[in-house]
Amino acid sequence: MLPAGNQLQHVPDSLTELVHLQDLNLSGNLLQDLPAGMSALTALTMLSLHGNQLQELPQHGWQQLASLKEATLQGNCLRALPDSFARLRALTELSLADNQLTSLPADLSGWSNLQKLHCYGNCITELPLSSCGLPALLPARRTAAQSATAAASKAAASARFSSRYSSVGSYEDPEGSSSTADAAALRSVDASEDGGRLVSLWLEGNPLSAAAAAGAVERLGAAGTTRVGLDERQLAGTAGRMAEQQAAAGNTAVRRGIIVGDGPGYFKLQLGQSAGGSAGNADDRVLVVAFGSAPGLPNWGGVMRQVSAAAEAPEHK
């Protein structure tokens, strides 16, 4: 169901009667709330609500959406998430970016299959870093053999995609028909080989306290299994020194990014890693800029994947 890109201000309660609905796209409208009975849509696998004016979500029943795998809530006015929303166990990708969130739920262990979490551009000052918070989402540490296998899988998937598609960041083939298998392979290029746990967490543009930023580097970045995006302000003190020490030891999990501007016109920059594993040397930096392509949902991941694949090609070593 795709009533996206209109000027809808209200969704009728009768929507919740569509109990077999699998894909609901209400993005790019003027919605300020949702029907209280959203939990009746138990067949949903994808929910797209980005680019609206949502101020809150229904408080109860989200855990009943046991098949929901992808949810985009980016570009709204959310200040908090209901506790039940953190019990979406099938969820693999969640975008909460560009809202007004001041915190994340304390207990995130219910997001047991989450691989990608976008939280940049909010008002978060502290992070849930207890054992049932963000650390509960981390993959298990890999052995050297597992790391080599994962790297080989990533290189092979990137090479297959790069040879088949010429349009940067596009999942469409030249004939215009979507290749589901190749799109799924690209999305899973960076997925953990240890059970598909969190592989990326983007926190740029939040007013994190110094302790929260340092905790993110220490508790989340140290394992080297999850990319953690932090901006230059967040990495100005202890967190930055810790990230530099990790990079010097070969762990480049912490990624330094920049959010420029705010609102619909902002864009996000990510600084590339130098040959020595740290970002910051003027002579070997890589800077990629990608602008938003839809209301509330920038499409810059495809660009980064293409650049990463090209940089890792044997001829560029």
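Leaving aside neighbours within four places in sequence, which residues is Ser-95 in contact with?

1. Ser-95 is in contact with Ala-71, Thr-72, Leu-73, Gln-74 and His-118, once neighbours within four places in sequence are left aside; contact means heavy atoms within 4.5 Å. Ser-95 sits in strand β4. At 4% relative accessibility, Ser-95 counts as buried (buried is under 20% relative accessible area, exposed over 50%, partly exposed in between, with a 1.4 Å probe and protein chains only). Ser-95 and Ala-71 are 24 residues apart in sequence, while their C-alpha atoms are 6.5 Å apart in space.

2. A word on what you are looking at: this is a predicted model, in which local features need pLDDT of at least 70 and side-chain atom pairs count only at pLDDT 80 or more, while totals for chains, interfaces and linings use all residues. Residues are numbered from 1 along each chain as its sequence is written, and side-chain values use heavy atoms, with hydrogens and water left out.

3. Now the overall picture. The protein chain has 5 helices and 10 strands; helices (H or I, at least four residues) and strands (E, at least two) are DSSP runs, numbered from the N terminus. Of the 317 residues in the chain, 45% are buried. Among contacts with a separation of 6 or more, 50% join residues 24 or more positions apart.

4. Do look at the loop between β4 (93-95) and β5 (116-118), where you will find Asp-98. Asp-98 has a positive phi of about 60°, although it is not a glycine. Gly-110 is also placed in the loop between β4 and β5. Gly-110 is buried, with a relative accessible area of 4%, and it touches Ala-86, Arg-87, Leu-88 and Arg-89, not counting residues up to four places away in sequence. From Gly-110 to Leu-137 is 27 residues in sequence and 9.0 Å in space, C-alpha to C-alpha.

5. Next comes the loop between β5 and α1 (144-164), which holds Pro-135. Pro-135 is buried too, at a relative accessible area of 15%. Beyond its neighbours within four places in sequence, Pro-135 is in contact with Pro-128, Leu-129, Ser-130, Arg-219 and Leu-220. Pro-135 and Leu-198 are 63 residues apart in sequence and 9.5 Å apart from C-alpha to C-alpha.

6. What about the interior? The largest nonpolar core has 57 residues, of which Leu-94, Trp-111 and Leu-117 touch the most other members. Such a core is a set of buried Ala, Val, Leu, Ile, Met, Phe, Trp, Tyr and Cys residues joined through side-chain atoms within 4.5 Å. The elements giving two or more residues to this core are α3, β7 (227-231) and α4, and the largest share, 6 residues, comes from α3. Leu-117 touches Leu-94, Leu-96, Trp-111, Leu-134, Leu-198, Ser-200, Leu-201 and Trp-202, not counting residues up to four places away in sequence.

7. Finally, take a look at the helix pair. The axes of α3 (residues 210-221) and α4 (residues 238-248) come within 7 Å and cross at roughly 25°; axes are lines fitted to C-alpha atoms, for helices over the stretch in contact, and angles run from 0 to 180 degrees between N-to-C directions. The two helices are therefore roughly parallel to each other (angles under 35 degrees count as roughly parallel). Ala-213, Ala-214, Val-217, Glu-218 and Gly-221 in α3 meet Thr-238, Ala-239, Met-242, Ala-243 and Gln-246 in α4. By class, this contact has 6 nonpolar, 3 polar and 1 charged residues; Ala, Val, Leu, Ile, Met, Phe, Trp, Tyr, Cys and Pro count as nonpolar, Asp, Glu, Lys and Arg as charged, and the others, Gly among them, as polar.

Notes: Angles under 35 degrees count as roughly parallel, over 145 as roughly antiparallel, 65 to 115 as roughly perpendicular and the rest as oblique.
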